[in-house]
Amino acid sequence: MNKKSLRAGSLLGGLALSLGAAVLAVVPVADPPAFAAETGAAVADPIPQRTEGAGPYNRMVLRNAIIIDGTGAPAQGMVDIVIEGDTISEIAFLGEPKAIDNSRRPAAGDYDVDLGGAYVMPGFVDSHVHLHTLSDGQGVPSDYILKLWMSHGVTTVRDVGSGGRPIEWLVDVKERSAANQIVAPRIEIYPMFHDILGHMPNSAEEGRMAIRQAKERGADGVKFIGGPEDALLAAIDEAEKIGLHTTMHHAQPSVSYADVLDTSAAGLESMEHWYGLPEAMFTDRQLQKWPNDYVNNDEQARFGQAGRLWVQAAEPGSEKWEEVMDTLLERDFALSPTFTAYLTSRDFMRMSRARWHEDYTMPALWDWYRPSRTNHGSYWFDWTTEDEMAWKENYRLWMQFVNEYKNKGGLVTVGSDSGYIYNLYGFGYMQEMELLREAGFTPLEVIHAATQVGAEVLGVDDEVGTIRVGRKADLAIVEGNPLENMKLLFGTGALKLNDETGQVVRRGGIAYTVKDGILYDAGALRAEVRDMVAAAKAERGLPEGIMPIAHIDETE
């Protein structure tokens, strides 16, 4: 792959934005949105104007590619991909990799890139994100998060709640992304139900009113967590009536009257995580068995007991297991498991010492992760081997259900829920792909879930999610075969021994991300993030490398 030409061009003439036949009009940074003053909401940190990326061009050609088109079809190549503006206009098949027929090549573009046999996939769809800001507990700038997503090939996200900020704040970010004023994926907006009116709706009418207001204010859907039964079920019904998408985290305080069978019967389209699913498969009880001294607001107790829930449900293959699965399949219900969100619960050491934390995790985010009784998801007050063993079994049963659901034709997406529990933006998405592989998905099924299925569940599959003529030019490009090794997709790549030199080489990481026909050097975006992290550490006087967790070490 010839990256030299792109990087050289990116440093000249306004970062390649003014080169040749580029059709981009650079738009100045928008003024702070008026809604912030009107609502009195905290103004989020500014997202800088985009200076990265080449294009879009009247005609750009990506040459010598192998494509995984997202439909579930096997890899195909070699091909040349022609992009006109923001749209794929031609896919020219050149013959098999060792017998290329150059007479089939399309004419030169205004900007050509030789990919040298790199693998090209549709841009990834993350079905569960939170765009945090400096005003949130995570203490990280939104630009940091957006660039971690984009540098990992994530070009579409579903934001399911952003710190209680007004819907209008995220609408503004979405519009700036759509205009490519900022480096950011496409954004689908699903505010939390209890944030829409500024309080949890307490009647059926209030529930319906919240849904109507969310749509009027620019939401694409709504994420539920709970609420009074009449308000919750009426809101789900209203959303279906007015064409607003829905998903839900079935929280324990409401799952006794609103498990996944109850909510899907009311019209809910999809679920986050897995709460509400095992409860629908109870056969010898109505409620989860909690210790008598259990208090739901104690997060270690809550997450500890959550890891002991699947064993209380019907056994795999049992009549109840199959009944619940078949009912959800009949309702065309989608699962967004977010396996990676809980991965620390089964292996604290692995997640808290992941390779990427050293260079990519902000100090403020590290503080957020550290055991705390006030930070959500920082429940490591006294996490034990027994807790981890319980979670390992929890995963085994959970993964079996999700894999069987997929095998029967069910919709399963890839969602990361990063920013909590040592789960880092961008990297967590790649971990979710590997976890689906662990659950039993084939590599092609994982990429299908990350692309076409995700786009279908979000209702944007007419524009993104597959590589085909007429679709938006949103692509993730990697050197090497991700079907053989998904670790190539991580920003930290994979290790490989050079047998000639005896040296160990780290290779991989998304090479290019294309969004709306704009070609981004993903490695350069990751370098920007590393610089942000290094600057934040220097400001605190912290050394390079991994940061400690414990304030006091009594083992020494």
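At what angle do the axes of helix 10 and helix 15 cross, and within what distance do they come?

Select helix 10 (residues 319–330) and helix 15 (residues 385–407). Their axes come within 11 Å and cross at roughly 45°. Helices here are DSSP runs of H or I with at least four residues, numbered from the N terminus. An axis is a line fitted to C-alpha atoms, for helices over the stretch in contact, and angles run from 0 to 180 degrees between N-to-C directions.

Before moving on, note that this is a predicted model: local features need pLDDT of at least 70, side-chain atom pairs count only at pLDDT 80 or more, and totals for chains, interfaces and linings use all residues. Residues are numbered from 1 along each chain as its sequence is written, and side-chain values use heavy atoms, with hydrogens and water left out.

**The crossing**

Helix 10 and helix 15 are therefore oblique to each other. Oblique covers what is left after roughly parallel (under 35 degrees), roughly antiparallel (over 145) and roughly perpendicular (65 to 115). The crossing is right-handed, meaning that the near helix is turned clockwise from the far one by less than a right angle.

Now show side chains. From helix 10, pick W321, E322, M325, L328 and L329. They meet L397, Q400, F401, E404 and Y405 of helix 15. Contact means heavy atoms within 4.5 Å. By class, this contact has seven nonpolar, one polar and two charged residues. Nonpolar means Ala, Val, Leu, Ile, Met, Phe, Trp, Tyr, Cys and Pro; charged means Asp, Glu, Lys and Arg; the others, Gly among them, are polar.

N403 counts as buried, at 13% relative accessibility. Buried means under 20% relative accessible area (1.4 Å probe, protein chains only). Not counting residues up to four places away in sequence, N403 touches A439, G440 and F441.

Next, select helix 16 itself, residues 427–439. Its 13 residues reach 19 Å from first C-alpha to last, close to the expected 18 Å. The expected span is 1.5 Å times one less than the number of residues. Why is helix 16 largely enclosed by the rest of the structure? Because 10 of its 13 residues are buried. Among them are F427, Y429, M433 and A439.

**Last stop: A210**

Select A210 in helix 6 (residues 204–216). Is A210 buried or exposed? A210 is buried, with a relative accessible area of 0%. Leaving aside neighbours within four places in sequence, A210 is in contact with F193, I196, L197 and P201.

Technical notes: Helices (H or I, at least four residues) and strands (E, at least two) are DSSP runs, numbered from the N terminus. Buried means under 20% relative accessible area, exposed over 50%, partly exposed in between (1.4 Å probe, protein chains only).
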